[in-house]
Amino acid sequence: TLIEQTPDHIYTSVTVKIDGSQKAKAIQTIQQEYKKHFPYYPCDYLFLSDEITQQYAAEDRWKTIVGFAAFLSVLVCCMGLFGLAALHIAGRTKEIGIRKVLGAGVPGIVQLVSRDFIKLVFVAILIGAPVAWYFSNKWLQDFAFRIPLTAWIIVLSGSIALTISILTVSFQAIRAALSNPVTSLRSE
């Protein structure tokens, strides 16, 4: 965009489309033509792509901040879930030992221990998905060009959260299932 500053303000700006590979030559030609017609006024110019980049710089900063906060929150949630699973398994150590003595396999014990946690995560997804959809839709309305928020994005996010929680709890459950039942039953 070629901006001219004239006292009578007849023209405030002129938009010129140029080839990106010939940018320097195009600027030089435009400045020469400008000097011919308006020799006493400076030729100020800016690129639309730079202006658009500047407009979305705040959104780019927010993307970085929210991405970092999301990573930290997932990490803290995994640590909390890991600790909660360890506490839960420690309370059920004798039950797990008895089940193993009676012939329960590793998959059965892992399923037994993980079932309660999976239910809680599923309930959290059911509560959080509509809230996330609402606020994401509100945020996307501020953009000139936006994508529609479809259900598969929410389903994918919930699936990722469920997978992370299964992996976190399964680590503790497998460790408890592979432990020697004699040590857990001998304590009394």
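This report walks through a predicted model of one protein chain.

Residues are numbered from 1 along each chain as its sequence is written, and side-chain values use heavy atoms, with hydrogens and water left out.

What is pLDDT? That's the predictor's confidence in each residue, on a scale from 0 to 100. The chain's mean is 83, and 91% of its residues reach 70 or more. Confidence is highest in helix 3 (residues 57–91), with a mean of 90, and lowest in strand 1 (residues 2–3), with a mean of 48. Where pLDDT is low, the predicted coordinates should not be read in detail. As for the names, helices (H or I, at least four residues) and strands (E, at least two) are DSSP runs, numbered from the N terminus.

## Salt bridges

Side chains of opposite charge can pair when their charged atoms come close. A salt bridge here is a side-chain nitrogen of Lys or Arg within 4 Å of a carboxyl oxygen of Asp or Glu, and the structure holds five of them. One of these links K36 to E33, with the closest N and O atoms 3.0 Å apart. Both residues sit in helix 1 (residues 23–37), three residues apart, or about one turn of the helix. K36 is exposed at 61% relative accessibility, whereas E33 is partly exposed at 35%. (Buried means under 20% relative accessible area, exposed over 50%, and partly exposed in between, using a 1.4 Å probe and protein chains only.)

Now look at R92, which is buried at 16%. R92 meets E95 in a salt bridge, 2.9 Å from N to O, and E95 is partly exposed at 27%. R92 also forms a salt bridge with D116, where the closest N and O atoms are 3.9 Å apart. D116 lies in helix 5 (residues 106–140) and R92 in the loop between helix 3 and helix 4 (93–101), so this pair ties together parts that are 24 residues apart in sequence. Salt bridges that share partners join R92, E95, R99 and D116 into one network.

## Aromatic pairs

Rings of Phe, Tyr and Trp (its six-membered ring) pair if their centres lie within 6.5 Å; planes under 30 degrees apart count as stacked, over 60 as edge-to-face and the rest as tilted. By that rule, there are three aromatic pairs. One of them is Y45 with F47, an edge-to-face pair with 5.9 Å between centres and 80 degrees between planes. Y45 itself is partly exposed, at 40% relative accessibility.

## On the surface

F68, F71, L72, L75 and M79 make a nonpolar surface patch of about 530 Å². Patches are built from residues with over 30% relative accessible area and no salt bridge; like charges are joined within 9 Å, and nonpolar side chains (Val, Leu, Ile, Met, Phe, Trp, Tyr) within 5 Å.

Key. Accessible areas come from the Shrake-Rupley method with a 1.4 Å probe; for residues, only the protein chains shown count as cover.
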